[in-house]
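This report describes selected features of the structure shown below. Please keep the sequence and the model in view while reading.

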Amino acid sequence: MTSDLTETTITEAVLSSFDGTPDPRLRDILRTLVRHLHAFVRDVEPTHQEWQNAVDFLTNVGHMCHGNRQEFVLLSDTLGVSMLVDAINNRKPSKATESTVLGPFHVSGAPRRPLGADIALDGAGEQCVVSGIVRSVDGTPVPGAFIDVWQANADGTYDVQTPDLLPESNLRGVFTADSDGRYWFRTIVPRYYPIPDDGPVGQMLRSTGRHPNRPAHIHFIAGGEGVATLTTHLFINQSPYIDSDAVFAVKQSLIREVVTVDAQDLASAYGVPNPFRLIDFDMTLSPTGSCQG
Ligand code: BEZ
Ligand code: FE
């Protein structure tokens, strides 16, 4: 029955309108969405004006989606939905490195760089070396693994945010691990930075007393022969906001210390002055076919 619907009968009517959906997964998703949405409205009892405000907010979010600015992804991130989806899709062997959000600043097809290359093309910031071994969960190295890295500069800005001011592919690159699964590169110690907050998501953060900052981190996507591709970050211990990431993406297992190494032979091998700063970040990848982001 689709006429004379009331507050109590309308939900069932909308649910049954999807009965003929040929794709059963789509039918279930839409029915579940309607059930939760109607329950939300019953719970909140919005005024017409409040509902219009919500529609206007989502419209503004949509208007802020173009090029590499994806406000809907930011909304999903700041409401914790991106990390929840990631957690659901990454129930994996406990030994594997944990995943976290991709974020909006990854660039497909970043330049391949030789092991040891310096990705800090703008020359600002405290130099450091990042090194590690890519392994599979049985402990064997993944020779020739790829490691795609990107990070913000010393001002907290990604190259793609101010392309006219920063060198192309600043602080990003794709490395190929050696025959022992080892990788290393030169970069700068990352710092915390705010997510783009000049749009409706920023407004939402301000009107709820939330800050827009992410703790210092470096992004990684790693994969290789026989292993599932992993999307993750390393986070810097003691970074401001380590306990209040605006996008809820910190995992204790991904937090690393920047150590000072005083060893001339190692410094020479990495091509940096001695002593130098080092971050160790090994990654353990699940077997191909398992759930991993
Ligand atoms: C980032 O780390 O690049 C990022 C992640 C989520 C939202 C905004 C930025
Ligand atoms: Fe980031």
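## Leu171 and its loop

Leu171 is placed in the loop between β4 (146-150) and β5 (172-176). In this predicted model, the phi angle of Leu171 is near 60°, a positive value in a residue other than glycine. Most residues other than glycine have a negative phi.

Is Leu171 buried or exposed? Leu171 has 0% relative accessibility and therefore counts as buried, since the limit for a buried residue is under 20%.

## Gln238 and its loop

A positive phi is also found at Gln238, which is likewise a residue other than glycine; here the angle is near 65°. Gln238 belongs to the loop between β10 (227-236) and β11 (255-256).

The relative accessibility of Gln238 is 74%, so Gln238 counts as exposed; the cut-off for that class is over 50%. Leu171, by contrast, counts as buried.

## A cis peptide bond

Which form does the peptide bond from Asn274 to Pro275 take? The bond is cis, and its omega is near -10°. In general, most peptide bonds are trans. Pro275 is located in the loop that runs between α7 (264-270) and β13 (276-280).

Two elements each give two or more residues to the shell around the ligand, namely α4 (71-78) and β9 (217-224).

The residues that surround ligand 1 are Leu74, Asp77, Gly103, Pro104, Phe105, Tyr158, Tyr193, Ile195, Arg214, His217, His219 and Val247. By class, this shell divides into 7 nonpolar, 3 polar and 2 charged residues. Asp77 and Arg214 are among the residues of the shell, and both Asp and Arg count as charged.

## Polar atoms at the ligand

Which side chains place a polar atom at an oxygen atom of ligand 1? For Arg214, a polar side-chain atom lies 2.5 Å from an oxygen atom of the ligand. For Tyr193, the corresponding distance from a polar side-chain atom to a ligand oxygen atom is 2.6 Å. For His217, a polar side-chain atom is found 3.0 Å from an oxygen atom of ligand 1.

How much of the area that ligand 1 exposes when taken alone does the protein bury? Taken alone, the ligand exposes 270 Å², and the protein buries 100% of that area.

Key. Residues are numbered from 1 along each chain as its sequence is written. Chains are lettered from A and ligands numbered from 1 in the order in which they are written. This is a predicted model: local features need pLDDT of at least 70, side-chain atom pairs count only at pLDDT 80 or more; totals for chains, interfaces and linings use all residues. Side-chain values use heavy atoms; hydrogens and water are left out. A residue is near a molecule or strand if one of its heavy atoms lies within 4 Å of it. A polar contact is a pair of N or O atoms within 3.5 Å; within protein, one must be able to donate a hydrogen and the other to accept it, and residues adjacent in sequence count only if both atoms are side-chain atoms. Accessible areas come from the Shrake-Rupley method with a 1.4 Å probe; for residues, only the protein chains shown count as cover. Helices (H or I, at least four residues) and strands (E, at least two) are DSSP runs, numbered from the N terminus. Buried means under 20% relative accessible area, exposed over 50%, partly exposed in between (1.4 Å probe, protein chains only).
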